[in-house]
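Here is a walk through one protein model, taken a piece at a time. Keep the structure open beside the text.

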Amino acid sequence: AGAVGAVKDRFGFAQVAANSEDTITVPEGFDWDVVVQWGDPLWSDVPGFDDSTRGTAATQARTFGDNNDGMSFFSYKGRTIMAVNNEYTNRDIIWGNNPDAKAVSEDDVEKGMMAHGVSVFEVTRDNNGKWIVVQDSDLNRRITPQTEMALTGPAAGHDLLKTDADPSGTISLGTWNNCGNGETPWGTYLACEENFNGYFSSSDEALKQTQQQKRYGINLEDWGYGWAKVDERFDIAKHPNEPHRAGYVVEIDPFDPNSTPKKRTALGRFKHENAEVVIATNGKAVVYMGDDERGEFLYRFVSDGVYTATGDNSNLLESGALYVAKFNDDLTGEWLALTPETTGMSDAEVRIFTREAASAVGATTMDRPEWVAANPNLPELYVALTNNKNRGVKPNAGGDDTSANAVNPRVENHYGQIARWLPTDGDHTAETFAWDLFALAGNPDVYDDEYAGSENINSGNMFNSPDGISFDSAGMLWIQTDGKYSNEGDFSGMGNNQMLVGDTTTGEIRRFLVGPKECEVTGICWSADRRTAFVGIQHPGEKGESHFPNGGNSVPRSAIISVTRKDGGLIG
Ligand code: FEO
Ligand code: CA
Ligand code: CA
Ligand code: CA
């Protein structure tokens, strides 16, 4: 471990070079292993993954879902539990055994559906120290698009949430397209619903879309999942309110497999990325959230109640104030309250049509806000603004101006940037903040202008499209990418998607890991002792060029990997 031992800075590793290999690359002195992959059984009565059939709806409903994204690690009475989002499925992979890689049966469609949701399972280390799933644990649970959930908060019971199947507007079925995540100090998991729109379609080809449907991308055709063919509620011609019941943050108790997940309408309805929770000095729970769409916004929720370490916090996310960010060009910013007075909408409408509320108050259109990360050591937040080819080209779906501004400074931005802000007086409930840019991604080999990136970007560490970001407990910022992996032209020298580490005090960024072909690296959490980092590898081979992780001619499968140091030391 010479290179590792020789490093005397806060990084603890020597940078790895970019590459386009179909494997994981970690620094010298580190190991990686697969913990769980798409289709692995959570119960022993389920057959293992079969490359020739790629499973059935029944097996998929009891195995690890597809395309893992955000995840959290929980310690509970001496046991360890992982809760993991299974964001979506690549249709041409899950149905790749069929003609034209299309669904041919209802079971195919339902298999795709069951690949979505959340997987909760116990993990342990075997005799060799390898992290494995504890099959048949009483804590294991699959949450799917058919799991009953409670709609809570200001929009619960509103007419816009009522359907034929649920005239109360308080009970919805399932969650899907869960992207980033969050976890609360009171031990719950937050699964954030992102591109929920792509599953709805209309049996009436002449249906005229409402402005709200257009704003949220609810179209007459779905993205190829075909869910309306097996479940009529996904037909917006028949059930126009069903899409209003998705697009929320879902709170899940990972320690009680019989608990009812709660959709938190108080936190607003948009294409949620993650939900970063901090407790303000006055005890209120503050949740920072991005809306990942070109020209959409960054949000903050402040609870009405206060967190107490020994009290009941189960309703903290049920009521509170919602705000949207305005970034001024002079490096100041404001949180604009979204209320009936400021928006002209009812409080329930603010939570359901949150994008329209934010447009009404003049929030700053952003370059696709992905994850927000809070520094554990400072009252300081970071947000990944992944890219935005429409910046300076056309308005967002609400007609808001998207001219370049100081926090989104480049037109046709295909590299992305990471912004940070400091709440005034270190108070997460303050109405104002100061901000700057931590990094402008770019390619200094190709450009010598603003597209070269900021000073902390160089030929050795360059990347595009920062997406997942998270601080470790030592205060280092881990950066995962979901970008172009052609390694050509504007992206030459960047290789596959990757994970980097930033020292936010010096600005230095160093590449830690390179993923396999055609994956994105997303989702990260650490074991309680921080000697293992768990990292998500999503959609390897999304264009047909990977056999990760099993090699040969195997079907590529999304997976969670563990990363450890050969000397057993701390990660990060
Ligand atoms: Fe699912 Fe915004 O990434
Ligand atoms: Ca993402
Ligand atoms: Ca992304
Ligand atoms: Ca993704």
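In which strand does Trp-32 lie? Trp-32 belongs to strand 1. Keep in mind that this is a predicted model.

Start with the surroundings of Trp-32. This residue is partly exposed, because 18 other C-beta atoms lie within 10 Å, and a buried residue needs 20 or more. Not counting residues up to four places away in sequence, Trp-32 touches Ile-24, Val-26, Ile-561, Ser-562 and Val-563. Trp-32 and Val-535 are 503 residues apart in sequence. In space, their C-alpha atoms are 9.7 Å apart.

Four strands form an open sheet in the order 1-28-27-26, and the pairing is antiparallel. Strand 1 (30-37) and strand 26 (520-526) are at the edges. Each has a single partner strand, so one side of each has no neighbour in the sheet. From one strand to the next, the twist averages 25 degrees. Inside the sheet, strand 27 (residues 532-538) runs antiparallel to strand 28 (residues 559-565), and six bridges join them. Ala-533 stands opposite Val-563 of strand 28. Val-563 is also one of the residues that Trp-32 touches. In a regular strand the side chains alternate between the two faces of the sheet.

The largest nonpolar core has 140 residues. Which two of them touch the most other members? They are Ala-83 and Val-535. Look at Ala-83 next. Leaving aside neighbours within four places in sequence, Ala-83 is in contact with Met-71, Ser-72, Phe-74, Val-118, Val-120, Tyr-189, Ile-252 and Pro-254.

Strand 2 (residues 68-76) has nine residues, and seven of them are buried, so strand 2 is largely enclosed by the rest of the structure. Seven bridges join strand 2 to strand 3 (residues 79-86), and the two run antiparallel. Asn-68 has Asn-86 in strand 3 as its bridge partner. Two residues lie between the strands of this hairpin. There, Lys-77 takes a positive phi near 50 degrees.

Move on to a helix. Is helix 4 (residues 106-114) largely enclosed or left open? Seven of its nine residues are buried, so helix 4 is largely enclosed by the rest of the structure. The buried residues are Asp-108, Val-109, Glu-110, Lys-111, Gly-112, Met-113 and Met-114. The buried residues of helix 4 pack against helix 2 (57-60), helix 3 (91-94) and helix 6 (227-230). An α-helix has 3.6 residues a turn, so residues three or four places apart point the same way.

Next, find Thr-152 in strand 7 (residues 148-152). Why does Thr-152 count as buried? It has 20 other C-beta atoms within 10 Å, and a residue is buried if it has 20 or more. Thr-152 and Arg-264 are 112 residues apart in sequence, yet 5.5 Å apart in space, C-alpha to C-alpha. Apart from neighbours within four places in sequence, the contacts of Thr-152 are Lys-262, Lys-263, Arg-264, Thr-265 and Glu-318.

A further open sheet has four strands in the order 22-23-24-25, with antiparallel pairing. Strand 22 (466-471) and strand 25 (509-514) are its edge strands, and each pairs on one side only. Neighbouring strands here are turned by 25 degrees against each other on average, direction ignored. Strand 24 (residues 498-502) and strand 25 run antiparallel and are joined by five bridges. Gly-502 stands opposite Ile-509 in strand 25.

Now step back to the whole chain. The protein chain has nine helices and 28 strands. Of its 572 residues, 54% are buried. A compact globule with 572 residues would have a radius of gyration near 25 Å, and the 22 Å of this chain agrees with that. Among contacts between residues at least 6 apart in sequence, 60% join residues at least 24 apart.

Finally, check the confidence. The chain averages a pLDDT of 97, and 99% of the residues score at least 70. Over residues 1-7 the pLDDT is below 50. Where pLDDT is low, the predicted coordinates should not be read in detail. For the complex, the predictor gives an ipTM of 0.94 and a pTM of 0.98.

Terms used. Residues are numbered from 1 along each chain as its sequence is written. Chains are lettered from A and ligands numbered from 1 in the order in which they are written. This is a predicted model: local features need pLDDT of at least 70, side-chain atom pairs count only at pLDDT 80 or more; totals for chains, interfaces and linings use all residues. Two strands pair if DSSP finds at least two bridges between them. Axes are lines fitted to C-alpha atoms, for helices over the stretch in contact, and angles run from 0 to 180 degrees between N-to-C directions. A residue is buried if 20 or more other C-beta atoms lie within 10 Å of its own, exposed if 12 or fewer, and partly exposed in between; C-beta atoms are placed from the backbone. Two residues are in contact if their C-beta atoms, placed from the backbone, lie within 7 Å. A nonpolar core is a set of buried Ala, Val, Leu, Ile, Met, Phe, Trp, Tyr and Cys residues joined through C-beta atoms within 7 Å. pLDDT is the predictor's confidence in each residue, from 0 to 100. The radius of gyration is taken over C-alpha atoms; the globule rule is 2.2 Å times the number of residues to the power 0.38.
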